[in-house]
Amino acid sequence: MGFAIEKKPEGARMVLELKGNIDEDANFAPPDIAGAGVVVLDLEGVSAINSVGIREWIKWVKALPGSTQLSVRKCPKIIVDQINMVAGFLPANAKVESFYVPYYSDSSGSEKMILFENGKEFKEGEIHAPPDVKDDAGELMEMDVIEAKYFKFLKNG
Amino acid sequence: MSGARKLVGLTPKFVDLMLGVLPPSDPASIGLSTGLSPQDILRFATDHGFNHLCQKDGFNFDRELKSAENLVSNPESFFENPMANILSPNEVTVAQEQSLICLDHFFDSSSQKRGMLEAIGKYLESKGLSQTLIEDVSAVADEFITNAIYNAPFIDPHTNVNPGLNRMDTEIKLKGGKAGRLLMAHDDLQLVIACEDPYGSLNLDQYLAKIRNTYLRGPAATMNFGSGGAGLGSYIIFNAGSSLYFGVKAAKVTLLCCTIPLRMSYKKRVQLPKHLHVIHR
């Protein structure tokens, strides 16, 4: 899937929706965010990121104006993995507004991605996971991450 | 092609790594252990010369051990029937190899990568596999193909220096009618994603040391911010696999395989102790 960045002003915030694969073909041109104090990267549409993509992402994020308050939202697992794995993937002052957590059912083998939002499912570094996540057959699903690793970035933030 | 030679078969010897005292490095040794971290598995390979390391609490230990025995006694067989060697080591035949393969793409251009990755995604989705598994398999395939196109053809065979081809260049084509090959196979338990290139230019000692270094120092500290690759691909591959098979016939072929268990939660999968097999150096 080709890569694209779409600008969508949202009140005083500039939302940049990233879509597609972040790899060597991704065009990471500096975005025109003149005048926007808060920039939100909506990452729901990111389908993959490879090793070159990780590097290009870091360069791109570092090139954003220093005065920009950066937030990310709807981070898929592939992005959360990079935040945890690669120091500097997000600038130190960046905020994570929401991210996805995989749930898995051993009985059906099915998987669901549950959105965790700041102030609801996580707050000040603490996780408040939804009590019951069920698959289509009504069976309870288990949070399918190693919590100490997956939520590490919340402790660092 | 001058470096290609028949690989020598040996009689397997089993070494219990938990006993503490290690015999001198021997290419016939199969190291057996329990609960070793990825760093430790790589340490036994790089510092103690083990070509095969099987963990008793890793995924499908008996099959891994049989596969290791086969590859010590007949390493050539890995390059002929890799999928059968990995998934059915008790029946390594051409027919079995063919029956296991579900995806087989030859490629000679960087422009083919996206199509191959989409084919992998579609196939795995059709099997009802989880998104996290599809993402892992796709990530490994991406790094495999990238290595075969952007690294393998350009590594100096004498110095092992990789000039670091700019990834943002336009289409890269393999020259001289050469082609890489992306393979995927599976049974009910496990999936294998594999990539072969016709250069045999990968230095496995350096490759393993680089992955180990990334585990030790962290991806950010080892990342290349200059031209060429980011230097994280080998780490991404190793991290995703429950068993890794790295084979090189110098100046002829590099064949890298990564196995991933099926029908298992991500949490269980990533905590499995890894097996490692190195075929020739």
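A residue is counted as buried if 20 or more other C-beta atoms lie within 10 Å of its own. By that criterion helix H2 of chain A is mostly covered, with seven of its nine residues buried. The model is predicted.

**Enclosed helices**

- In H2(A), the buried residues are Ile78(A), Ile79(A), Val80(A), Asp81(A), Gln82(A), Ile83(A) and Met85(A).
- Helix H10 of chain B spans residues 233–240, and eight of its eight residues are buried, so this helix is largely enclosed by the rest of the structure.
- The buried set in H10(B) consists of Gly233(B), Ser234(B), Tyr235(B), Ile236(B), Ile237(B), Phe238(B), Asn239(B) and Ala240(B).

**Sheet of chain A**

- Chain A contains an open sheet of five strands, arranged in the order S1-S2-S3-S4-S5 with mixed pairing.
- Its edge strands are S1 (4–10) and S5 (95–96), each of which pairs on one side only.
- Strand S4 of chain A (residues 69–73) runs parallel to S5(A) and is joined to it by two bridges.
- Val72(A) has Val96(A) as its bridge partner in S5(A).

**Contact between chains A and B**

- Chain A contributes 23 residues to the contact, and chain B contributes 27 residues.
- On the side of chain A that touches chain B, at least two residues each come from helix H1 (51–62), helix H2 (77–85), strand S6 (98–104) and strand S7 (111–117).
- H1(A) provides the largest share of that side, four residues.
- By class, the side of chain A that touches chain B comprises twelve nonpolar, four polar and seven charged residues.

**Nonpolar core**

- The largest nonpolar core has 112 residues, and those touching the most other members are Val137(B), Val140(B), Ala141(B), Phe144(B), Ile145(B), Val192(B) and Ile193(B).
- Helix H7 of chain B (residues 131–151) supplies the largest share of this core, ten residues.
- Apart from neighbours within four places in sequence, Val192(B) is in contact with Met83(B), Ile86(B), Leu87(B), Met184(B), Ala185(B), His186(B), Cys257(B) and Thr259(B).

**Leu182 of chain B**

- Leu182(B) is located in strand S5 of chain B.
- This leucine is buried because 23 other C-beta atoms lie within 10 Å, against a threshold of 20 or more.
- When residues up to four places away in sequence are not counted, Leu182(B) touches His105(B), Phe107(B), Met116(B), Ala141(B), Phe144(B), Ile145(B) and Cys195(B). Ala141(B), Phe144(B) and Ile145(B) are also among the core residues that touch the most other members.
- Leu182(B) and Thr146(B) are separated by 36 residues in sequence and by 11 Å in space, C-alpha to C-alpha.

**Positive phi angles in loops of chain B**

- Asn160(B) is not a glycine, yet its phi is positive, at about 65°.
- Asn160(B) belongs to the loop between H7 and strand S5 (180–186) of chain B.
- With 12 other C-beta atoms within 10 Å, Asn160(B) is exposed.
- Ala251(B), likewise not a glycine, has a positive phi of about 60°.
- The loop between strand S7 (243–249) and strand S8 (253–261) of chain B holds Ala251(B).
- Ala251(B) counts as partly exposed, with 15 C-beta neighbours inside 10 Å.

Definitions and conventions
Residues are numbered from 1 along each chain as its sequence is written. Chains are lettered from A and ligands numbered from 1 in the order in which they are written. This is a predicted model: local features need pLDDT of at least 70, side-chain atom pairs count only at pLDDT 80 or more; totals for chains, interfaces and linings use all residues. Two strands pair if DSSP finds at least two bridges between them. Two residues are in contact if their C-beta atoms, placed from the backbone, lie within 7 Å. Ala, Val, Leu, Ile, Met, Phe, Trp, Tyr, Cys and Pro count as nonpolar, Asp, Glu, Lys and Arg as charged, and the others, Gly among them, as polar. A nonpolar core is a set of buried Ala, Val, Leu, Ile, Met, Phe, Trp, Tyr and Cys residues joined through C-beta atoms within 7 Å.
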